[in-house]
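The sequence and the coordinates are shown first.

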Amino acid sequence: MAADRGKIQILKDALYEAARDHGSDQRLFTQRDLLDMQVIPQDNLALLMQVIQVLCDEKLFVGNTTASGLSWRWRSREDAKKYTSLPNPETMLVYAIIDEAGADGIWNRTIKNKLNMADSLMKHCIKYLEQKGYIASMKNVEHPNKKMYIKANLRPSDRATGGPWFTEGELDTAFINELQEIVFDFIKQKSTYTSHGGAAGTTGGQGGGAQREKVPKKGVVQGTIPSHSEDVSSKGTKRSAGEISNDDTAAAAAPVKKTRPSKPQLLPLPAGYKSYPTVSDIAKFIHHAGITNNTTLSEADIQQLVDVLYYDGLVEPVKVNGRKGYRVTRIPKQDPRTCNQRRLDHDPTKGGIITSFMGVEPSASGLMEAPCGRCPVFDMCEEGGPVSPSNCVYFRQWLDGDEVKEQVISI
Amino acid sequence: MAVIKEKAEFCTLLVDELYGQLPARVYATLFQRGKLSTRLISQFSKLSPRQVKNGLCVLQQHNLLFYSIDANSGEAEYSVNHEYAYNLVRAGKILEMVDNSYGPAGRDVMQNLLLLGQTRISDLVAAYQAKINLANDENAWLNDKKPDLVIKSKAQLNSVLCRLIEAELIDVVHSKTFKSVHEIEKQVHKEVMEFYFPNGMKGTKAKIEFEQKVAEGLRKVREESKTLKRKLAQNGGASKRRKLAVGNETNGAPEEEEDLDPALDPRQVIRINYEKCIVELRSRRLVQYVNDTLGETTGYVYGQLLKQLTKNTPRCRPDPLMDTLMSDEEKQTPSVTTNEILDKVKTSIDLTLGIGKIPSKSISKTAAERLTPLAPRDKIPFMNQDDSDDDDEDGDYSDSDEEMDTKKENGDAPVARMSRPEQLRQHLLRLAESQPGFVRHCGEDEWTIDFKPLMENLRATELDSIIEQTSGRQGLRLTRILRTKGKLGEQALQSLSLMRKVDLQQKMLEMRLAGFAHTQEVPRDNKADPKKSIFLWYCDTEQAYSSLIAKCYATMVHCLQVLEVRRQKEKDVLSLAKRTNVKGKEKDMMRDESYARFAKFLKDERLLMAEIMRIDDTLALLQDF
């Protein structure tokens, strides 16, 4: 028997090492797999049983029951040591369950339900394990009120922490907003063309043609929309503006009247532009800029951020040759300054609460301009009712300014 | 046809505002009770038959009524033509549009038609003739300044009328104009039955044939109002007439003997064709939209393109009954070539503007010039649009890897100068690449517009901007997520929107109250315990549109009501201003205080009317374009 024990001891070590060579600690080995490792002589099943039993006793193997029968996976020697050092089987059970939950952690109520253990006993076990530094309590963003435990040497999974957007279990909106602005500025810069409006704004005969060749820091100067006469002279066309038939003054009036002083303006890029920034470009930019020094953002994270910008109606995807890039929307209306610059330039005393410095104001619609568009009692408003257009305060304010502040409702 | 309450109310108020209380009361009765004979109208409205007749007369003159003769009693029965009544609010916009495209003379004619309602051509000519004679009569203007007439001669009037008729902005009144669509349909049905199927019809084949015949018949009725246009076309194009008109103008002296075009039968009665006007208004709106998204030069190009494509578009939305059964070739959407557009672009427009200059190296020609010969299938807007994008291009994907840097480094390289057609193409290509699909590049150098999906997109954009204004950008984010992904639970919504749970719940509640978002309860088991149920958020875009439409009408009603209240308040001042010795010289004749009140009222009136116009912009987009 002693010889047997020695033999099993050797076989056990050999089998353990063989299993470690054949896969990670997540791989499940069936009986067939273990036999095929050629460690147990002559496929002796009884001997294999004995060896596995010893390994399980020493916590080096973990048994599993799957649909196809029993199977085992190996556990590292250090972990096994932790198990064997535990004082009683209850603590061991608790530790095993927490261990199994992995990086997601486990709720203490779940442990109790699974083990059907007395409350005080379980608390005792957990206290012991925490003192030993084997487990740690953690917070899960999905269930912030549940007390959860995790193996001390594991980092909580992204699902539990909520990914990079969470700081200590809270959604870090300031961080997200800041990052969004940066991403938005990046897309804006890369997907538009900055025109410095030379042609339109310059006086003294510098037409669009002359200015066109000058080169600012990025791209080529491009006039906004020149006035009629300037344009005609610079292009040398023979016809004068007055000769045009009145057929299309409607549409023409719009482009012509724009003679803004030289102010940089953003222009759309021609169709088929190949370098609209993709998500990976943005990720690379964020990485190189070193803005997020203690969090690493994967492309999927950036994708999430860009998607939010898309849902906000600030950027739109554009596919060129199967490459999905992004560009900002409503380019001519965009402010060429960066978000941060706009924030610095903004004068809070001038009124108007600006919630976001990204993008443009929504295009005005008539409905919203009327007091009714934002009226809180719109549904009740009717002639003859307590609230009616004839005694409407909002209309009075709107038409008369703030001067009238009479008594409002007189029923 | 059912009309929503707000619209009925608005139309009645509008009639009140424009034509006075009597017609408005008749109109209100008709809205409430449906089809009525004069006897019944007077019974319900408590007006004397004589008053009712006067009211009906005014309404009829402006084409605001339909009537039919009841076969049994032989009495005429009247019902409302609410589309026309509503269109009255667009008068200002239509005049502006005509002014822009046909000059002040065209506007003047249109304005008169608006004021007079349907008019016999001879009457219109006579009215103008009287004015012209008066203006030419030197004795009449000894002391006063001679008024500057927009239309100086009969010939000019003739040419303006011809142009407007050719553009279909004016059409002819015929016997069926005063029949409601339903009535006409019934009649055509009957005629077809009698003529083609005297023995009744059997089987599906006959049914299809029947439907085709009915559609044909209806189309014939519709075409009847275009008789003048056809006649004009037979008598030679507009160019010939225009030459004549210009010749007269330069001569200065109006030639009295120059008569009307023989095709313009003086007995014909003409009116404004709102359907076509709305098409023109739609084009204007689209140009605005392009200005907003891509810039003004591109917007101008788009305007030219639209002008050519919609030349023969009689209405924005094809009639489901009449236009679906048309043969395929008739159905085909028109397209124009680059050169056709180039011919219309003014030489003063610099087409190099409005699009960024980058070296051609960083542009993929194949992607830019990609043709999409087929119109997109109907799809639900926002539902994963980019997924269905055809990825068939094997593409030069690799070469785009030089990326970003190229732009920076080669930015200084001189950009090759493009020819003018090429510049124009750049704008058109950019339009074709745009997200809402302004233009479809349907063939080599051929361009077309698919209005249906485009307008759907535009509607969604309008809704978005309204949501953004009511619930902020976060509200917009949430609705757009729901629209793209369908129904979602709160957890999923939270992770997609990157919003805090509290903020999210508050925002969703806000939008639920505003009617932009809705919840659905999905019970887990038979007990339907609300604690265990799953709650899903979703957006019903169609419902949002219809509630928005109702809200628009209601707001317009409120504006008119407020205006009326103001008018009552300043009654004394207004009656003073109406006096003949005060009229026109209000500032001198009235006391300062009264004048201030009068001026304030005028300002308010302008503001409220402008507001109504602006709401109509939204409304037109949602239901008419």
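The text below covers chain A and then a helix pair in chain B.

This is a predicted model, in which local features need pLDDT of at least 70, side-chain atom pairs count only at pLDDT 80 or more, and totals for chains, interfaces and linings use all residues. Residues are numbered from 1 along each chain as its sequence is written, while chains are lettered from A and ligands numbered from 1 in the order in which they are written.

Chain A contains 18 helices and 12 strands, taken as DSSP runs numbered from the N terminus (helices H or I, at least four residues; strands E, at least two). Of its 411 residues, 35% count as buried, that is, with 20 or more other C-beta atoms, placed from the backbone, within 10 Å of their own.

Three strands of chain A form an open sheet in the order S1-S3-S2, with antiparallel pairing; strands pair if DSSP finds at least two bridges between them. Strands S1 and S2 stand at the edges with a single partner strand each, so one side of each is left without a neighbour in the sheet. S1(A) is joined to S3(A) by 2 bridges, and A:Phe29 has A:Trp72 as its bridge partner.

| Strand | Residues |
|---|---|
| S1(A) | 29-30 |
| S2(A) | 61-66 |
| S3(A) | 69-74 |

In chain B, helix H24 (residues 541-569) packs against helix H27 (residues 592-623) at an angle of about 165°, with their axes 10 Å apart; axes are lines fitted to C-alpha atoms over the stretch in contact, and angles run from 0 to 180 degrees between N-to-C directions. H24(B) is therefore roughly antiparallel to H27(B), the term for angles over 145 degrees.

Conventions. Buried ≥ 20, exposed ≤ 12 C-beta atoms within 10 Å, placed from the backbone. Parallel < 35°, antiparallel > 145°, perpendicular 65-115°, else oblique.
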